[in-house]
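This report describes selected features of one protein model.

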Amino acid sequence: MGILTDQGAEALLASQPLTHLRKLDLHHHFLSDAMVERVRAALPGVTVDLDEQEKPDGDWHFIAVSE
């Protein structure tokens with residue numbers, strides 16, 4: 001529920017394999033359509049929540065929840 005962008009997803013996919021997970025919650029994100037598909041393809045058998053695809057407001061990215 002933060003400001004995950006394509007750059008962050010790229011780092012996530014380049015890190016240790018995540019295929020041992022059963023579920024990965026990435027909802028409320030700023031990923032492009034192409035990166036959404038790439039994340040899903042990279043994690044077969046993992047339920048990936050990529051709901052709430054947001055669009056940045058210019059250069060601004062807003063988190064879902066803050067203090």
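## A buried histidine

His 29 has a relative accessible area of 0% and is therefore buried (buried means under 20% relative accessible area, exposed over 50%, partly exposed in between, with a 1.4 Å probe and protein chains only). The model is predicted: local features need pLDDT of at least 70 and side-chain atom pairs pLDDT 80 or more, while totals for chains, interfaces and linings use all residues. Residues are numbered from 1 along each chain as its sequence is written, and side-chain values use heavy atoms, without hydrogens and water.

His 29 sits in the loop between β1 (23-25) and α2 (33-42); helices (H or I, at least four residues) and strands (E, at least two) are DSSP runs, numbered from the N terminus. Beyond residues up to four places away in sequence, His 29 touches Leu 4, Val 36, Leu 50, Asp 51, Glu 52, Gln 53 and Glu 54, where contact means heavy atoms within 4.5 Å.

## The nonpolar core

The largest nonpolar core has 12 residues, among them Leu 31, Val 36 and Leu 50. Such a core is a set of buried Ala, Val, Leu, Ile, Met, Phe, Trp, Tyr and Cys residues joined through side-chain atoms within 4.5 Å. Its largest share, three residues, comes from α2.

## One salt bridge

The whole structure holds one salt bridge (a side-chain nitrogen of Lys or Arg within 4 Å of a carboxyl oxygen of Asp or Glu). It joins the side chains of Glu 10 and Arg 38, at 2.6 Å from N to O. Glu 10 lies in helix α1 (residues 6-14) and Arg 38 in helix α2, 28 residues apart.
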